[in-house]
Amino acid sequence: MIFRALLLVAAGCLAAWMPVQGQAQQGPLRIEITEGVIEPLPFAIPVFEAETAEAGQMAAQVTQVVSADLTGTGLFREIPASAFISNVSSFAAPVQYADWKAINAQALITGAVSVQGNTMNVKFRLYDVFSGAEMGGGLQFSGTTDGWRRMAHKVADAVYSRITGEGGYFDSRVVYVSETGPKDNRAKRLAVMDYDGANVQFLTDSSSLVLAPRFSPQGDRILFTSYESGFPRIYIMDVGSVQRRQLQTPDGTMSFAPRFAPSGQTILYSLEQGGNTDIFTMDVNSGQSVRLTTAPSIETAPGYSPDGSQIVFESDRSGTQQLYIMSATGGEAQRISFGEGRYGTPVWSPRGDLIAFTKQNNGRFHIGVMRTDGSEERLLTASFLDEGPTWAPNGRVIMFSRETQGADGRSSLYSVDITGRNLRPVRTPEGGSDPSWSPLQK
């Protein structure tokens, strides 16, 4: 890494990246711990070169998506083309560093796109302007023209990772519940989209109520709850074929809140029977279930730690809705939430360091994060109704659903980084709730 950077830590535990203003130094990335407001890193990205006649429009579209990905993080600021002193005549041309330094561009991204028939190739280079050096070798991605957005996301992921040292998250998808119609006749169906709201594909119709879709760790399957039979039942769906099947649970019971284990071969879920709700595991292939909790209370919203050794869940065993952690094999549970209000929908970060949750207190709802022992709680949002957090693959951004007062009960999707900065709406064609972020696509 060539850029000097600041690793911002809010409340001692929440991180984001900030470039140092001024001249960058060659050598390893320098990390400093500080606090304050992030000053976005200024970058220039001339429109990628069209190396074939068919690539002109595609090159402009790829450039636009790369820029939108980076600026959308709140960590980068694009310098407008109107400020450019010189341009990049071709991908192979030498960089005139003085011209880019004069407009205070700290990073320069150049690229080229070629199209032959239905095949497309995208290549790019990233330069540290102040040190006058390329940051690593250039990369290229190939695929079909239909996948041009994915290739743009891959370029943005590579740039983001080289500058920040963090994993990317742009080449990922989100499954969610799409909502249409008035509050007293709300239609809900499963939909999947790119992380930024593009390429929406509907996976179910609106004939039955669906809730809480969850991606598998491999991103190839989805768990969700459906009322198709009149009772809540858990289904598993193959994303590619959209084929689904119901997971068998005892008659006369209600099963809901499913989530995959890191292996993808086991699921956690809640089962209500006889007026009591407990947490179970199920082998996806054999259907064999094991009961993990036996308390005379409601245990639900379970989720695994990234290594699969522990489970976090919500329970009212203490008299109010709180968060607990226990071994993945069951046993005694330890309460980790002790603030004022009620806690729910806990989700373990992919990094394993934090747990995101929904909190209700004094008539307001919040999305928050805490350490896995319950310490260093931090609330990231406050609204009439925020709920259902899900983590980006790199563990640095959270997506959730928000219902605003007077919105006829319809929810929308939002994202926020774990410092509480950069709260942004995620545009969907209709209302949306219950998001679940996929891993990076392969």
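Q: Which side chains meet Arg317 or Glu299 in a salt bridge?
A: A salt bridge is a side-chain nitrogen of Lys or Arg within 4 Å of a carboxyl oxygen of Asp or Glu. Here Arg317 and Glu299 pair with each other, at 3.4 Å from N to O. Arg317 lies in the loop between strand 23 (310–315) and strand 24 (322–327), while Glu299 belongs to strand 22 (residues 299–304), so the pair ties together parts that are 18 residues apart in sequence. Helices (H or I, at least four residues) and strands (E, at least two) are DSSP runs, numbered from the N terminus.

Q: On what basis do these positions and values rest?
A: This is a predicted model, in which local features need pLDDT of at least 70 and side-chain atom pairs count only at pLDDT 80 or more, whereas totals for chains, interfaces and linings use all residues. Residues are numbered from 1 along each chain as its sequence is written, and side-chain values use heavy atoms, with hydrogens and water left out.

Q: Is Glu299 buried or exposed?
A: Buried means under 20% relative accessible area, exposed over 50%, and partly exposed in between (1.4 Å probe, protein chains only). Glu299 is buried, with a relative accessible area of 0%, whereas Arg317 is partly exposed at 35%.

Q: How many salt bridges does this rule give?
A: The count comes to 19. Among them is the bridge of Lys123 with Glu51, whose closest N and O atoms are 3.3 Å apart. Lys123 lies in strand 8 and Glu51 in the loop between strand 5 (49–50) and helix 1, so this pair ties together parts 72 residues apart in sequence. Glu51 is partly exposed, at 36% relative accessible area. Arg125 and Glu134 also meet in a salt bridge, at 3.9 Å from N to O; Arg125 is partly exposed at 25%, and Glu134 is partly exposed at 29%.

Q: Which residues are linked in a network of salt bridges?
A: Arg149, Asp194 and Asp196 are linked in this way.

Q: Which residues of the largest nonpolar core touch the most other members?
A: A nonpolar core is a set of buried Ala, Val, Leu, Ile, Met, Phe, Trp, Tyr and Cys residues joined through side-chain atoms within 4.5 Å. The largest one has 45 residues, of which Phe48, Leu70, Ile109, Val113, Met120 and Phe124 touch the most other members. Helix 3 gives the largest share of this core, 9 residues.

Q: What does Leu70 touch?
A: Contact means heavy atoms within 4.5 Å. Not counting residues up to four places away in sequence, Leu70 touches Phe43, Phe76, Ile109, Ala156, Val159, Tyr160 and Phe170.
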